Amino acid sequence: MRRILITGASGFLGWNLARALSAGNEVWGTYHEHSIRIEGCRLEKADVSSEHDVTTLMEKASPEVVLHAAARIDVDLCEREREKASRVNTEGTQRIARLAAETGSRLIYFSTDMVFDGEKGMYTEEDAPRPINHYGETKLEGERGALAALPGAVIARLALMYGRGEGGYGSFLAWMLQRLKMGESVPLFVDQFRTPLYVGDVCLAVKKIIEDIHIKGIYHFAGPERVSRYEFGIRLAEMHEFSKRLLQPVRMRDLERLMPRPCDTSLDNRKAECEIGMRFNGIWEGLRAVEESGVIHI
Ligand SMILES: NC(=O)c1ccc[n+]([C@@H]2O[C@H](COP(=O)([O-])OP(=O)(O)OC[C@H]3O[C@@H](n4cnc5c(N)ncnc54)[C@H](OP(=O)(O)O)[C@@H]3O)[C@@H](O)[C@H]2O)c1
């Protein structure tokens, strides 16, 4: 039984973590604007950009482990509201790491494949990050702030995740399924490559890290297959027997109003597989696991 605090429990990843960890642990979770109920999880409203909120939360929860998933993740919004994004993603993370260091808590901070410029692909933990948008910059600064305050922190850089969600947050999978079910076309990038990651694998990797106090530093969590969003859509359509003609290939460079996104942020997961003992699911297995875990809320 461990006392675990999950920031951003009302979001896609946080909700999945809270559900996965609530059996056998005392789980605290936070929401910011979207109040939520999760069985077995004590929820508190908190803004990570507020010193008062985070201090009060850490005093109340007194966690052994902090899983920091709260963030502003909309790439275009982060570009338009740069200061706000920095306050939440960078300063919020620095604050949480500092308070975790003061209370002697372990910290796992969830970062992103978007810390890379996308020129090379299949990035390892040794590759130098070079974000090309503000979202990536704020997350990279968050990584640096977390490690400066708490050198034993774990930085889990996540690839594009898919899985089941709750409330307002599903993954992009829910959006694709909804359109396909309605017979609507689904515009999908053919020129952006990722290594899609089943959210259940993130929960399992986190459980393993919590059990092993020797794990620290940067890890890439990613599925084993490098595909475009369009190719991912093909797999999904095949699995659910939707017409592939509904999938509409689009190129990022043809969309004028889109903020910059890296082309190939695929991640090499071998360090996490070797040191954490993970075996990340491929797309077919991951999609099947989503099906078996119940209905996707759309
Ligand atoms: N989704 C992906 O494919 C992906 C890929 C790579 C990395 N990541 C990383 O994984 C983490 C979780 O992502 P996600 O997909 O779960 O995001 P999400 O669904 O958008 O959830 C974001 C969470 O952050 C909370 N939040 C936003 N602003 C806040 C603030 N000022 N104070 C406190 N909480 C705040 C939200 O709370 P309310 O909704 O209650 O306001 C929500 O719980 C993020 O750090 C992200 O960078 C995600």
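Two residues are in contact if their C-beta atoms, placed from the backbone, lie within 7 Å. By that rule, Leu13, Asn16, Leu17 and Ala20 in helix H1 meet Val199, Val202, Cys203 and Val206 in helix H7. These contact residues divide into seven nonpolar, one polar and no charged. Here Ala, Val, Leu, Ile, Met, Phe, Trp, Tyr, Cys and Pro count as nonpolar, Asp, Glu, Lys and Arg as charged, and the others, Gly among them, as polar.

H1 covers residues 12-21 and H7 residues 199-211; their axes come within 10 Å and cross at roughly 55°. Axes are lines fitted to C-alpha atoms, for helices over the stretch in contact, and angles run from 0 to 180 degrees between N-to-C directions. Angles under 35 degrees count as roughly parallel, over 145 as roughly antiparallel, 65 to 115 as roughly perpendicular and the rest as oblique. H1 and H7 are therefore oblique to each other.

## About the model

This is a predicted model, in which local features need pLDDT of at least 70, side-chain atom pairs count only at pLDDT 80 or more, and totals for chains, interfaces and linings use all residues. Residue numbers start from 1 along each chain as its sequence is written.

## The whole chain

The protein chain has 10 helices and 13 strands. Helices (H or I, at least four residues) and strands (E, at least two) are DSSP runs, numbered from the N terminus. Along its principal axes, the C-alpha trace spans about 55 × 40 × 40 Å. Of the contacts between residues at least 6 apart in sequence, 76% join residues at least 24 apart.

Now look at helix H2 (residues 51-61) and helix H4 (residues 82-103), whose axes come within 10 Å and cross at roughly 30°. That angle makes H2 roughly parallel to H4. Glu51, Val54, Thr55 and Met58 in H2 meet Arg95, Ile96, Leu99 and Thr103 in H4. This contact divides into four nonpolar, two polar and two charged residues.

## A residue in a loop

Where is aspartate 127? You can find aspartate 127 in the loop between strand S5 (106-112) and helix H5 (134-149). Aspartate 127 counts as partly exposed because it has 15 C-beta neighbours inside 10 Å. A residue is buried if 20 or more other C-beta atoms lie within 10 Å of its own, exposed if 12 or fewer, and partly exposed in between, with C-beta atoms placed from the backbone.

Not counting residues up to four places away in sequence, aspartate 127 touches Phe116 and Lys120.
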